[in-house]
Amino acid sequence: MNRRAKIIQELVQTEKDYLTDLELCIREVVQPLRNLQVVDVDRLFTNMETVCEVSAALLHRLHAAIADPDPEAVVIGEVFIQAKAALEDVYKIYCYHHDDANGALKSYEKEEEIKQHFTTCVLSLKKIYDQEGKPNLLDMGSLIIKPVQRIMKYPLLLGELWHATPEDHPDHRPLQEAFTAAKIINVNINEFKRRKDIVMKYKRLEDEGTLRGKLNKFNIHSIRKKGDRFAGYLKILTGVEPQVRDEVFDREEKLFRSLEKAVRQLVKNVHCYLQYTQEMVSVAVQNVHDMENIVKDPSKNGTNGSSLNNGNDPYKHFKDSMERLVLGPLSSLQGMFTAPQKLIQKRYDKLLDYCSRLERSSSFSSPSSTTSSSPSLVSEEPPGPARRDYEALNALLVEELQRFNVAAYAILTNSVVYLVDLLRGLMNNVLVGAPSIQQLPAPLSNIAEVQNSIMDELNNLTFVKDNAQKLMERKVSFERQRDKKTAMPEVQHQTEEQRAWLLTEYPLKRLYQLKRKCNGCQEQDLSLLEGELVALLEDTDPLGSSSRWLVHTGGAQGYVYSTFLKQYNPLRDSQRAGQMAKEQQQQQPPAMVDEDFDDLSLFVSGSGSSSLRSFNLHTTDSSSTLSGLQGELESTEDLEDTLDTEAQQFYAVYAFQARCEQELTLQEYQHVRILQFCDLGGNKEWWLAEANGQKGYVPANYLGRMSYA
């Protein structure tokens with residue numbers, strides 16, 4: 001018990017001296033340096049003030065514990081058990097930054113002016129120690145390391161006190177728990193610092209990762225390590241081995257990547273918005289002035305809209321605020337995603353190393369599983385540094401990714417909220433700058449009916465009706481002249497000499513025939529007619545597209561889309577020539593043979609004596625045959641009606657999806673009948689069409705005239 005009492009006295013006295021040293025250091029060194037503002041005090045001494053507060057609280061509890069009237073009933077263990085969390089929190093931070101503090105101290109001591117300030121502070125502290133008769137072998141390094149030495153001394157003092165306490169003493173079990181807690185604190189601090197060292201190691205390697213440095217590290221070991229990683233990745237990818245997963249890390253990593261993508265997209269969109277807005281703002285301001293001149297009272301001319309002329313440009317304030325309060329934080333946040341991404345990739349590499357080490361150790365231990373020494377072999381094969389590095393990186397990422405994601409989400413949310421507020425403020429400023437526009441009456445709910453009724457009243461006026469008719473005639477005449485001027489040049493027909501030259505120069509497998517008329521729409525494209533013969537030179541264009549072929553027409557070379565071509569069949573070509581000759585002699589519809597209907601589902605004959613109403617196309621294994629020709633005209637009146645409507649027969653070149661009730665949905669190659677070649681307003685870009693009993697408007701450039709193909 002006497003030994004126990006001496007250890008308690010030593011514990012309390014050393015804690016008191018330690019607290020005095022901290023207070024003197026803060027008063028004589030930290031505060032003067034902070035007032036001088038010549039160094040980064042927080043980097044040198046980190047959270048020494050907080051450490052001092054925790055030590056003062058611990059000393060107060062120790063004094064309260066030893067104040068018991070019965071010295072043998074003093075309980076010290078409970079004091080450290082209660083202080084465990086506070087001690088770990090503050091000392092973990094201090095020890096974590098201790099290496100940085102030493103590095104900063106060495107760099108500061110190289111500057112004579114700063115070194116002189118350090119010497120002055122240390123000399124004032126030595127005078128106090130001399131007056132109190134304490135050893136004064138002090139320098140800045142010894143002051144910085146005191147908290148690190150103190151936290152490492154707690155397990156030693158508590159261990160001695162526990163061994164000196166009898167087992168039946170009430171303080172024996174609390175001291176055992178306190179001794180264990182003190183050791184855990186030091187283990188956690190060491191692990192926390194080791195994680196930082198690993199991160200700094202890989203960060204330093206990334207920063208120094210020049211090509212020469214990478215080549216110097218390129219050896220057999222690195223090749224084997226990368227090969228093992230790649231093999232492990234393939235095994236996980238193919239499902240041969242299960243992947244070691246951490247649900248918390250996976251969740252935080254997914255959120256991290258989502259935040260990175262959101263921030264990147266928002267920065268890009270805001271930049272584009274500011275660029276486009278800057279280009280159009282001058283035009284918009286001029287439009288506002290013009291609108292004001294239209295709607296404001298002429299007697300008040302010059303009294304309105306002066307806010308924009310006085311230099312109070314709302315857009316300039318909007319742009320400055322956007323760059324300072326939205327783009328600035330978002331751009332800084334975007335740059336912070338790089339380092340965590342590298343650590344995440346390094347974590348995956350270490351995970352693959354860990355898995356390959358486990359697989360190798362299990363393969364080594366499996367042959368000797370029947371011997372008696374197998375348990376010792378397994379226990380003597382720990383995963384080693386691969387496991388420690390992986391667990392350290394994983395623990396660090398799990399802890400810091402959560403804090404990073406919370407902070408990044410807050411910055412992103414605040415930026416979006418302020419972006420909306422800036423947009424709303426910009427619109428309000430524009431309205432305030434144009435009060436005459438703001439005072440416009442509210443639009444009518446039945447504005448369409450009102451406008452139509454007013455137009456009807458105007459059309460009933462005689463002079464308006466005459467003028468409108470003349471204007472319409474002038475418009476129609478002008479459009480006809482414009483159509484004549486902008487008409488497409490006529491496509492030249494292929495001559496028989498060119499066709500014969502292609503047949504003699506190229507083999508049949510490289511000869512193709514046009515399914516339908518093709519108009520060139522790009523540079524070096526050819527405009528060809530249906531049935532013309534071409535020879536394939538290359539099945540790709542210069543950009544590598546396989547849908548645009550280089551062909552020879554016998555007179556020129558150019559590109560044609562492969563969908564317009566079909567393989568040339570000499571037999572079919574001779575049959576068609578004979579049938580066309582027979583048609584000219586007998587004036588009868590031509591017989592239809594194979595592949596005449598490659599892309600079109602319905603056709604209208606151009607014969608003057610009869611009209612093809614409908615047919616059925618039956619497909620067999622060898623060929624396609626046409627049967628069931630029906631619907632011959634029974635009278636001359638039916639023939640005339642058919643000839644009149646024949647010019648109105650079109651088909652859908654492209655599929656069209658209706659967006660309202662007035663439009664008509666069409667499928668590709670669907671047969672339609674045109675009722676009117678313009679809309680109600682005379683716009684010829686929209687035609688009134690009918691298909692399957694339904695009527696509606698369709699874009700004119702989506703339709704093509706039916707012809708025999």
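Reader: What makes the span of helix α7 agree with its 24 residues?

Author: Helix α7 covers residues 140-163, and at 1.5 Å a residue it should span 34 Å, so the 36 Å between its end C-alpha atoms agrees. The expected span is 1.5 Å times one less than the number of residues. Helices here are DSSP runs of H or I with at least four residues, and strands are runs of E with at least two, numbered from the N terminus.

Before we go on: this is a predicted model, where local features need pLDDT of at least 70 and side-chain atom pairs count only at pLDDT 80 or more, while totals for chains, interfaces and linings use all residues. Residues are numbered from 1 along each chain as its sequence is written, and side-chain values use heavy atoms, leaving out hydrogens and water.

Reader: Where does α7 bend?

Author: At K146, by about 40°, with a proline, P147, following within four residues. The bend is the angle between axes fitted to the seven residues ending at a residue and the seven starting there.

Reader: Why is α5 called roughly antiparallel to α7?

Author: The axes of α5 (residues 98-108) and α7 come within 11 Å and cross at roughly 175°. Axes are lines fitted to C-alpha atoms, for helices over the stretch in contact, with angles from 0 to 180 degrees between N-to-C directions. Over 145 degrees counts as roughly antiparallel (under 35 is roughly parallel, 65 to 115 roughly perpendicular, the rest oblique). That makes α5 roughly antiparallel to α7.

Reader: Which residues meet there?

Author: H98, A101 and L105 in α5 meet M140, G141, I144, I145 and V148 in α7, contact meaning heavy atoms within 4.5 Å. By class, that's 6 nonpolar, 2 polar and no charged residues. Ala, Val, Leu, Ile, Met, Phe, Trp, Tyr, Cys and Pro count as nonpolar, Asp, Glu, Lys and Arg as charged, and the others, Gly among them, as polar.

Reader: How do you know that β3 and β4 pair?

Author: Strands pair if DSSP finds at least two bridges between them. β3 (residues 548-552) and β4 (residues 557-561) have 5, in the antiparallel sense, so they qualify. W549 has V560 in β4 as its bridge partner.
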